[in-house]
Amino acid sequence: MGTSGMIEVKPQLHSSAYDRVQERIMRQTLEALWFEGILPYERQGEVWQTEGRTADGETVLYSCQAVEKLSFGRIRIQPGTIQREDAPCQDVHLFLQELVGERLEGERIQPFIGELLETLAKDSQCQASLHDQIPEQDRHYEALESHMTDGHPYHPSYKSRLGFSLYDNAAYGPEFDPEVRLYWVAVHKEWADTAVSNEFDVEALYAQHLTAEDNERFTAKIQTYGDPQQYVLLPVHPWQWEHRIEPVFTRQRFDGTLIPLGEGEASYRPQQSIRSLSNRHVADAPYIKLALHMTNTSTSRILAHHTTQNAPLISDWLTSLVQQDALLQQQGFDILREMLGISFRYAHLPALQYGEAYGSLGTIWRENIAGKLQDNEQAWPLNAVSLVQPNGEPFAAAAIAKHGVEAWSQALVNAVVLPIVHLLYAHGIALESHAQNIILVLQDELPKRIIVKDLHDGVRYVPEQLLYSEQAPALHPIPETHRKFNRYSFIHAESVGEVRDYTYDAFFFICMTDLAFALERFGLSEAAFWKLCADTITNYQEQHPQYASRFADYDLFAPDALIEEMTKRRLYGDSELYFRSVSNPLQLARDGKIG
C-alpha cells in the first residue's frame with residue numbers, strides 16, 4: 001500500500017481486475033433494468049436485444065446471451081456475451097451513456113450513473129488486492145466476513161460506498177483487512193439515551209473494549225469539563241468522526257456536551273457490512289455496529305435513535321420466543337442478540353442541526369458468535385456458499401464434494417428454510433433474512449443450523465397477528481421525519497401480506513435464489529433446489545395442522561410474489577414504493593410444473 005493508502009496497481013498485472021468489474025457492472029445493470037421493466041427488450045431464444053441511443057440520437061443495438069430463470073423470473077446474462085452492434089462491448093462508460101443516460105429520463109439518472117462508476121472504481125481497487133484463494137488460517141468466521149468481497153448479487157451499484165474516497169476504501173473496506181481503531185467521545189447524559197438487554201451489564205460490556213489505560217486517559221480528559229459520572233462513552237467510526245461528527249456537532253464540542261476523547265488502544269476488523277467491527281484484541285468481545293454516513297447499495301448507513309433503543313427490546317423478545325419454542329430449539333436456531341444501544345438525543349437540537357445530525361452518533365453492541373458455537377462446529381457467513389474465489393474455485397467446493405451435492409443441499413435447505421418458515425407461520429414474524437444476515441453453522445462441513453443477526457430494524461409483523469401478542473415489546477416509535485426519507489424502514493406492518501412479502505423479498509428472492517444459482521455449479525438444477533424448498537414447507541404444513549389458517553394468511557405458494565424494485569428506487573427515489581409481481585418458483589415446484 002502506498003503512502004496515500006490506496007492500492008498501487010501495475011496496469012499489465014491488474015487490468016484484468018478492471019475488466020472483470022466493468023463486465024459485471026454492465027451485466028448486473030442490464031439484468032436489473034430488464035427485470036424491473038425499466039428498459040424494453042426483445043428476445044429470440046437465448047439472444048436478447050435492447051436499443052441504446054448515441055449522443056447524436058442514433059439508435060444502437062446491444063445484444064447478449066441470456067436466460068429467464070425459474071427463480072422468480074430473474075434474468076441471467078451469460079458473462080462476457082454483451083455486444084454493441086457486432087463487437088464485444090468493452091467500455092462501461094459508453095454502455096452507461098447509451099443505455100442509461102440517453103435512454104432513461106428522470107432527475108436521478110446521473111446520480112445513478114455516478115453510483116455505478118463509484119462501484120467501478122472501488123471494486124476494481126478491491127479486486128486488484130485479493131488473494132487467489134482464501135488462506136487456510138482465514139477459514140474462520142471473523143476472517144471470512146472480510147473475504148465476502150462480492151457485494152450485493154442483484155443490485156447494480158453493489159459497492160458504491162458513496163462518501164468514501166479510494167483512500168477511505170482501502171483504509172476501512174473489509175477486503176483490505178485493515179486494522180481500524182475506534183474514535184471515542186463522551187456525551188453528557190442529558191443528551192444521550194442508553195438501552196441495555198436484560199441479561200447484560202453495561203460496565204462489563206465496556207470492559208471488553210476499553211483497556212485500563214483507555215479509561216484513565218478518557219477520565220482525565222472528561223474531568224477538564226466536568227464530572228465523568230455525568231457522561232456516556234460512545235465509540236465512533238474514525239471516518240464518521242472526521243466527516244460528520246466533528247463538523248456537525250461544533251456547538252456541542254465547544255459547550256462540553258460532546259467531548260472528543262481520541263482513539264482507543266484496541267484495533268478492529270471490519271465485517272462485510274463495513275460499519276460492524278470485531279475486536280482483534282479480545283476475541284469474544286461483542287461486535288460493535290456504528291453509524292456511518294456513507295451510502296452503499298440503497299441505503300445511507302445511519303443508526304436512527306429509535307433503532308438503537310429498540311435493539312435490546314427486540315433481541316430480548318426474540319430470544320424469549322426462541323427459548324420457549326420446541327421446533328426452534330430442536331433446529332438449533334439462534335440469534336446474535338443486540339445487547340446495548342446508545343444514541344444522541346437529536347430531538348433536542350435546533351431543526352437545521354437536527355437534519356444534519358440525525359442518525360449520525362449512535363452504536364449497537366451485538367453478541368459475538370464465539371459464545372454460540374460448540375467445539376465441533378464451524379461458522380460461515382451464508383453468502384460463503386455462493387463465493388467463487390479469484391482462482392475460480394467455489395469456496396464451498398470441498399465441503400460439497402465431501403457429502404455430495406444432493407445430501408449437502410438437502411441439509412442446507414433444512415437448516416435455512418425451516419426456522420424462517422416456522423417463524424412466519426407459527427409466530428407471524430418475518431426477518432430481513434438475506435445472506436449477509438444469516439450465519440450458517442456446519443458440523444463436519446455439513447450444514448447443521450443457522451444463527452441470524454442484525455435485528456434492530458430487520459423484523460416485520462402485524463402486532464395483532466403474533467402468536468404471543470402479549471409478549472411483543474413496546475417499541476420506540478418511528479419519527480415522521482424518518483418515514484419521509486426511508487419509507488421502507490418499518491417494523492409494524494398493516495397487513496399479513498406485507499409480512500409475507502418481506503419473507504419473499506429478502507429471503508426467497510435474493511438469499512435462496514442466489515443459493516440456487518450457486519448450487520447449479522455443482523450439478524443441482526434450479527428445479528431440484530426449489531423442490532427441496534417446497535417439500536420442506538409442505539412437510540412442515542403436514543406436521544403442524546394447528547397453523548392451517550396461517551398457511552393461507554402467509555401464503556408462500558401464491559401464484560405471484562411481490563418483490564421490491566431496488567433499481568427503480570435508486571433511479572426514482574423514495575417518494576413512492578416500487579414493487580412488482582413475479583412468478584413464484586415455490587408454487588411451481590409444489591404443483592409439479594417444473595423439473
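User: In which strand does Leu562 lie?
Analyst: This is a predicted model in which local features need pLDDT of at least 70, side-chain atom pairs count only at pLDDT 80 or more, and totals for chains, interfaces and linings use all residues. Residues are numbered from 1 along each chain as its sequence is written, and side-chain values use heavy atoms, with hydrogens and water left out. Strands are DSSP runs of E (at least two residues) and helices are runs of H or I (at least four), numbered from the N terminus. The run that holds Leu562 covers residues 560–564 and is strand β23.

User: Is Leu562 buried or partly exposed?
Analyst: Buried means under 20% relative accessible area, exposed means over 50%, and partly exposed lies in between (1.4 Å probe, protein chains only). Leu562 has 33% relative accessibility and therefore counts as partly exposed.

User: What accessible area do Leu562, Leu577 and Phe579 have together?
Analyst: These residues form a nonpolar patch on the surface. A patch takes residues with over 30% relative accessible area and no salt bridge, joining like charges within 9 Å and nonpolar side chains (Val, Leu, Ile, Met, Phe, Trp, Tyr) within 5 Å. Accessible areas come from the Shrake-Rupley method with a 1.4 Å probe, where for residues only the protein chains shown count as cover.

User: Which residue in β20 stands opposite Trp380?
Analyst: Strand β18 is joined to β20 (residues 438–443) by five bridges, and the two run antiparallel. Within β20, the residue opposite Trp380 is Leu440.

User: How far apart are the closest N and O atoms of Arg27 and Glu23?
Analyst: Arg27 and Glu23 are four residues apart in helix α1 (residues 11–35), which means that about one helical turn separates them. Both are buried. They form a salt bridge, defined as a side-chain nitrogen of Lys or Arg within 4 Å of a carboxyl oxygen of Asp or Glu. The distance between their closest N and O atoms is 2.9 Å.

User: What is the relative accessibility of Asp214?
Analyst: Asp214 meets Arg217 in a salt bridge of 2.8 Å, N to O, and both lie in helix α7 (residues 212–223), three residues apart. Arg217 counts as partly exposed because its relative accessibility is 35%. Asp214, by contrast, counts as buried, since its value is 0%.

User: What separates the C-alpha atoms of Asn391 and Ile134?
Analyst: Asn391 is found in the loop between β18 and α13 (397–403). Leaving aside neighbours within four places in sequence, Asn391 is in contact (heavy atoms within 4.5 Å) with Asp132 and Gln133. Asn391 and Ile134 are 257 residues apart along the chain, yet the separation of their C-alpha atoms is 9.8 Å.

Technical notes
Pairing = 2+ DSSP bridges.
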